[in-house]
Amino acid sequence: MGHGIVVQNLGKKFSTYASDRPRTIMQAALRGFRGLSAAHDFWALRNVSFEVQPGEILGVLGHNGAGKSTLLRLIGGIGRPDEGDIQLRGRIGALLDLGAGFHEDLTGRENLLVSALIGGLTREEALARQGEIIEFAELESFIDNPIRTYSTGMGMRLAFSIAIHTDPQLLLVDEHLSVGDIGFQAKCIARVKALRDQGCAIMLISQTPKQVREVCDRALLLKQGRVAAYSDPETVIGEYEAAMHPDQKPRLPQSARRGEPVLGAQIALTGIELQPQAPFYNGDPLTVELSYRCWKPVSSPIFSIRISHESGAVCLTTNSLTAGLQPSILPGVGRIQLQLERLDLNGGKYFISAGIHSAQWQSLLDYQDLPQPLVVEPTPVIEGLLHPPARWSWMEHSPGPEKQQPVVDVDPAPSPSLA
Amino acid sequence: MVSRQHSLATTLNQTLLSRHWVQRRDLLTGLVSRNIKLLYNRSVLGIAWMLINPLMQLMVYAFVFGVLLPNNAVPNFTSFIFSGLLVWTWFQSALTEATGAIVQNRALIRQPGFPVSILPVVNVATGLIHFVLSLPILLLFLWKDGVQLQWGLLLLPLLMLLQFAFTVSLAYVLAAINVTFRDTQHTLGVLLQMLFYFSAVFYQVPGQFAAIFNFNPIYLLIQGYRAILLPVDPAVPVADFNWLPLVGLSGITLAMLPLGHRIFQQQSERFVEEL
């Protein structure tokens with residue numbers, strides 16, 4: 001009973017070959033069949049574990065080359081894992097290579113039938129469903145023309161329509177939910193959700209956090225073939241966006257986060273804490289506390305903290321040097337604090353990151369993003385990042401003696417007791 | 001209740017199993033008919049092209065060996081050559097196409113759940129369709145040559161099955177080699193050209209060489225077909241025909257088929273992983 005995808009400890013190794021590896025029988029014979037074995041291996045995926053329940057959509061996020069497509073292909077049975085285990089229960093359908101089996105010279109209908117067979121339907125089922133497929137693809141009047149007369153969009157629509165009409169119990173989608181125009185996209189997403197509601201286990205690769213937020217029940221973030229986060233979409237998107245910062249910095253491995261020594265590391269940030277946590281209102285004071293662990297003495301390190309808006313705009317960058325704080329640190333643990341007396345930020349999401357630099361900014365010793373964003377509670381609509389206490393006054397100008405009229409007060413935020 | 005559940009599970013299993021095979025069969029026929037459509041779709045003569053090639057070859061050989069060098073002629077010359085040509089054409093075209101089966105179908109191989117090992121079978125089956133559709137022409141030649149068909153004709157499907165399985169097993173291996181060495185298809189062309197001349201398509205093997213020719217599986221197959229179709233040929237009366245080498249070939253094919261299948265699977269997996 002029940003379908004689903006269970007992946008345990010999955011690892012996939014790729015081999016790279018020397019560039020002068022013989023490609024033909026002739027070359028190989030001339031070189032005495034040498035140089036045919038792999039030059040070296042690398043792990044495209046390692047220690048990947050997760051599961052997708054029936055009726056659940058898992059979103060997979062990650063940069064290019066993080067191993068997303070490799071993961072999806074392995075689950076689709078393309079290639080064999082070198083480590084770990086994939087368990088699939090149910091018939092698999094996939095939107096990996098859309099229009100894979102299409103032939104230019106055959107008509108849409110001929111291609112439809114063959115593709116449905118390739119997708120795992122019997123001839124009878126394919127014939128019974130072709131009307132529905134054509135209708136979904138909105139190709140009623142073109143279906144008997146050769147595919148070569150189709151636009152790219154039409155071909156993709158047909159391919160997509162075939163793939164989701166093959167009754168999969170497990171569905172793999174590789175960034176194809178952006179096929180066709182907006183209307184068709186909405187239809188595709190609705191259809192994928194409908195499949196989910198029928199108990200289909202779905203995995204979806206996406207580059208758009210917005211889509212993952214809207215569609216997925218859970219999300220997985222891959223970084224260089226490892227699982228960097230596996231949780232509810234919001235948390236994972238936070239991690240993903242933090243990593244998307246344009247000046248992405250090298251980071252120490254997770255083990256250093258937990259305070260374990262790492263080869264070559266002097267000092268690591270072990271935590272970033274905010275005071276107060278949620279709810280945070282515009283104008284509240286904020287304390288950012290960094291904890292660190294030091295393994296080797298570091299002379300005059302610089303601690304830096306940056307607050308940036310979810311759009312990527314930097315709101316504040318400050319460092320311990322500005323306060324003339326330049327202690328030398330001996331092995332051990334410690335904490336350092338930045339107190340902001342008030343933070344006049346507009347409502348929205350802000351990301352906080354911290355770094356430790358060596359003296360004179362020579363190198364970055366460690367860097368960390370706070371995974372959860374700082375959410376500043378909504379303020380009355382004002383464009384921009386800042387929302388300081390503001391007061392509009394109208395200086396009336398009239399013929400005659402000047403007089404001041406303190407009239408309109410537009411400070412909506414509870415004014416903190418600063419003065 | 002328990003037993004009922006059990007029987008329910010068995011029936012479910014059976015239906016799944018049979019659905020599985022129905023699906024495979026439908027996929028095979030679907031791909032074969034697409035192949036044939038693609039070959040003749042845009043030509044005026046359509047499927048007639050399929051016959052033109054062997055008929056032209058037949059004309060050439062009939063002219064060279066029937067008119068220019070008549071002393072080598074064998075009885076029922078037209079039927080003799082045409083039967084050999086049909087068998088050879090099926091073997092050669094299927095093998096050449098199937099050698100590219102992995103390399104030329106990347107998109108299909110990357111389709112989850114697609115049974116990759118069906119691809120060479122599709123090529124050989126396409127050749128089989130051509131072969132079967134040409135048989136009436138052969139019968140026409142046999143009738144013209146005044147050959148009386150015998151009970152041995154019933155063996156024809158068996159021989160076709162053997163040729164089918166043998167070609168598929170060979171195609172598995174060649175398609176797998178083609179993944180590592182992309183010039184296999186060209187190399188194969190040259191080798192097949194040589195093999196053609198050693199397959200006795202348009203001549204009869206002199207007695208002293210027969211033992212050597214027995215190592216050529218295609219020669220064996222062609223001789224088998226002729227033993228069935230041209231039984232009046234005094235050289236090989238059907239009852240006296242030595243079937244032993246063909247039985248041996250069947251044994252070799254049975255052993256080669258699973259082996260080739262495995263190599264093919266491995267190489268197709270390797271192929272899709274190469275980026």
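Begin by selecting Gly93(A), which stands opposite Leu171(A) in strand β6(A). This is a predicted model, in which local features need pLDDT of at least 70, side-chain atom pairs count only at pLDDT 80 or more, and totals for chains, interfaces and linings use all residues. Residues are numbered from 1 along each chain as its sequence is written, while chains are lettered from A and ligands numbered from 1 in the order in which they are written.

Next, select β5(A) together with β6 (residues 170-174) of chain A: the two run parallel and are joined by four bridges. Strands (E, at least two residues) and helices (H or I, at least four) are DSSP runs, numbered from the N terminus, and two strands pair if DSSP finds at least two bridges between them.

Now widen the selection to the open sheet of six strands in chain A, ordered β5-β6-β7-β3-β8-β9, with mixed pairing.

Then pick Met203(A). Beyond its neighbours within four places in sequence, its contacts (C-beta atoms, placed from the backbone, within 7 Å) include Ile5(A), Val60(A) and Val173(A).

How values were computed. Contact = placed C-beta atoms within 7 Å.
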